[in-house]
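Here is a friendly briefing to read alongside the sequence and the 3D view. Please keep both open as you go through the points.

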Amino acid sequence: MIKSLVPPCEGLTVPIAKIGGSKQLKSKGLRMELTITQPDDWHLHLRDGDLLKAIVPHSASHFGRAIVMPNLKPPITTTAAAVVYRDFILKALPSDSNFTPLMTLYLTDTTSPDEIKLAKRSGVVFAVKLYPAGATTNSQDGVTDLFGKCLPVLEEMAEQNMPLLVHGEVTDPNVDIFDREKVFIDTVLQPLIQRLPRLKVVMEHITTMDAVKFVESCKEGSVAATVTPQHLLLNRNAIFQGGLQPHNYCLPVLKREIHRQAIVSAVTSGSKRFFLGTDSAPHEKSKKESACGCAGIYNAPVALSLYAKVFEEMGALDKLEAFTSINGPDFYGLPRNTSKIKLNKTSWKVPEAFSFSFGDIIPMFAGNTLEWQPSLI
Ligand SMILES: NC(=O)N[C@@H](CC(=O)O)C(=O)O
Ligand SMILES: [Zn+2]
Ligand SMILES: [Zn+2]
């Protein structure tokens, strides 16, 4: 049922201070260390087959739980498929791992309200993901007409307190790729929450000032957003710096510096509406370094170091734990982790590549030196 990943381009329409006054922050001689509640990743692509086995230890070594994206090929559209996929993930984990995958369903034009009831009852499915058809990797089976085809299902989700996770971009080829998130907010999200105010919505991987303003304008606890390391650290120049940089290509695409700054301000403000979601999305090297390269950045091994860097640079390390470990479970109505993680301020070098029998995966900031090193305690 679960097959291997997509060939390149399928489903696409277009082919880095001050330390805050943190009580968790300790200084051991010249070395700084920060101890926080173990984080969760509220937006993760674990893939399947050999790729799943290869990459899942990276997430499991830092994160307690993860919301697992359903955009496999074929997509995870039913609770039954989510249960099978969850078993694959659990079997792929290192034997000493306590990592818990939280499954999602891929919304289609034909998803039924009964499937939502089943999903809720299963205790295995925690959210439903909306991919507008053609918006991103493996979105070809996504939704073509949300209001025309999915209202009964969305009403059932509101009834069942099942969050809708949104890839928030329109797919109209006439809309400039840099404007697709804003147009989605104006034409889909705003009308959606007006119509179904009880529906919990997570705007995934936000990239713009517009998304920040929209999320802040909504009722706290009803609309939230995940934020990736790349959208906090990079602007669109990173895609073209010194030549085309396929490993900095993801969707939604990186935006202007003013948008990056707005997102950094939002997450470091201490607002409960924003939480960690890496959107770590590995593609084998040849599918990235291609004439028609896949969208997706592999950041699982570096994500926590990068988030810490952003908060440190803003003098907001005291707000890091809420973003990484508190706001997410609180929004989902799940218990916070009781385990802790330590972030040591020691330099470490990101590998140039992770090599497996099927090929190489290039991580974000490959070959660079980072400052914060996480370890479970
Ligand atoms: N973010 C990406 O650029 N790619 C993701 C899909 C997604 O989250 O949109 C993937 O699955 O490769
Ligand atoms: Zn997406
Ligand atoms: Zn994603």
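Leaving aside neighbours within four places in sequence, which residues is Met 203 in contact with? They are Val 166, Gly 168, Leu 189, Ala 211, Val 215, Val 223 and Ala 225, where contact means that the C-beta atoms, placed from the backbone, lie within 7 Å. This is a predicted model, in which local features need pLDDT of at least 70 and side-chain atom pairs count only at pLDDT 80 or more, while totals for chains, interfaces and linings use all residues. Residues are numbered from 1 along each chain as its sequence is written, with chains lettered from A and ligands numbered from 1 in the order in which they are written.

**Overall build**

- The protein has twelve helices and 14 strands; helices (H or I, at least four residues) and strands (E, at least two) are DSSP runs, numbered from the N terminus.
- Its radius of gyration, taken over C-alpha atoms, is 19 Å, close to the 21 Å that the globule rule gives for 377 residues, so the protein is as compact as a globular protein of that length. That rule is 2.2 Å times the number of residues to the power 0.38.
- Along the principal axes, the C-alpha trace spans about 60 × 45 × 45 Å.
- Of the 377 residues, 50% count as buried, that is, with 20 or more other C-beta atoms within 10 Å of their own; exposed means 12 or fewer, and partly exposed lies in between.

**The nonpolar core**

- The largest nonpolar core has 105 residues, and Val 68, Met 203, Ala 225 and Tyr 307 touch the most other members. Such a core is a set of buried Ala, Val, Leu, Ile, Met, Phe, Trp, Tyr and Cys residues joined through C-beta atoms within 7 Å.
- Helix α11 (residues 303-313) gives this core its largest share, seven residues.

**Helix α5**

- In helix α5 (residues 151-160), the buried residues are Val 153, Leu 154, Glu 156 and Met 157.
- These residues cover an arc of only 160 degrees around the axis, which puts them on the same side of α5; the arc is that of the directions from the helix axis to the C-beta atoms.
- They pack against α3 (113-122), β6 (125-130) and β7 (164-166).
- Asn 161 follows α5 and has a positive phi, near 60 degrees.

**Sheets and pairing**

- Eight strands form an open sheet in the order β3-β4-β5-β6-β7-β8-β9-β10, with parallel pairing; two strands pair if DSSP finds at least two bridges between them.
- Its edge strands, β3 (41-44) and β10 (274-276), each pair on one side only.
- β3 and β4 (residues 65-68) pair in the parallel sense over two bridges, and Asp 41 stands opposite Ala 66 in β4.
- Antiparallel pairing joins β2 (residues 31-37) to β11 (residues 340-349) over five bridges, with Lys 342 in β11 as the bridge partner of Thr 35.
- β11 also pairs with β14 (residues 369-376) in the antiparallel sense, over seven bridges, and here Lys 342 stands opposite Ser 375.

**Two residues to look up**

- Gly 243 sits in the loop between α8 (229-233) and α9 (257-268) and counts as exposed because it has 6 C-beta neighbours inside 10 Å.
- Lys 287, in helix α10 (residues 285-288), is buried, with 20 other C-beta atoms within 10 Å.

Definitions and conventions. Two residues are in contact if their C-beta atoms, placed from the backbone, lie within 7 Å.
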